[in-house]
Amino acid sequence: LSAQFLEATCPDVNGALVWSGGSMTAPLARHANTPFFLALPEALLRAGTNELEIRVASGAGTNGGLSRVSVGSRAALWPEYALRHFLQQGGVFVTSGIIAATALYIFFIWLRTYRRQRGYLFLALAGLVWAARNLNLVWLGGAGWTVDTQWHVEMLSYLGHGVFFAFLGLFLLDEYETRGSRIRRIMTWGIVAFLIPGPFLFLAY
């Protein structure tokens, strides 16, 4: 069985629990970006028709779902699983590392040679924010994980989008020197639009 589950999962074979991905009630285990490869015990399989039941739980306000489920031999399924695991897990660390390293490189260039051009600073900050926000895709939670912790992590991930686009917008404003122009006003309001919902979400909670 090779599948990607949105949040917490519990697959059964012919009524017997095969594996549990964690809590099915809040706070949920976080597997939104995690592919799984599970071995189905032969002792649970019957001659003829078998029933595979997968229970999926997702957080409030999110769209729970299940990607394609494949059943077959290990030899047939492993290459696809290995590729998906690299792209969805290892790939996140690789891309986050590259983005963070590039952002730091840009920051030190700005610090040493272009300190009057704030655009380079904004671009470096945008990169660091995005690299940190990306790690949300692979963080499964930990000891002391509570409903409040889960909610705040999701909100910080959301705010990360707004902060990233804010810094990116400031970089573009500085790069193209559109101060005082109509384009600058449009971009400034666009940045504000990304940031405004965040505080209200926290207040509503």
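The paragraphs below take up the charged pairs and their surroundings.

This is a predicted model, in which local features need pLDDT of at least 70 and side-chain atom pairs count only at pLDDT 80 or more, while totals for chains, interfaces and linings use all residues. Residues are numbered from 1 along each chain as its sequence is written, and side-chain values use heavy atoms, with hydrogens and water left out.

With a salt bridge taken as a side-chain nitrogen of Lys or Arg within 4 Å of a carboxyl oxygen of Asp or Glu, the count comes to three. Arg-68, Glu-80 and Arg-84 are linked in a network of such bridges. Within it, the side chains of Arg-68 and Glu-80 meet at 2.3 Å, N to O. Arg-68 lies in the loop between strand S5 (52–57) and helix H1 (74–112), whereas Glu-80 belongs to helix H1, so this pair ties together parts that are twelve residues apart in sequence; here helices (H or I, at least four residues) and strands (E, at least two) are DSSP runs, numbered from the N terminus.

Glu-80 also forms a salt bridge with Arg-84, the closest N and O atoms being 3.9 Å apart, and because these two residues are four apart in helix H1, about one helical turn separates them. Arg-84 is buried at 15% relative accessibility, whereas Glu-80, at 25%, counts as partly exposed (buried means under 20% relative accessible area, exposed over 50%, partly exposed in between, with a 1.4 Å probe and protein chains only).

A further salt bridge joins Arg-55 to Glu-53, with 3.8 Å between the closest N and O atoms. Arg-55 is partly exposed, at a relative accessible area of 34%, and Glu-53 likewise counts as partly exposed, at 35%.
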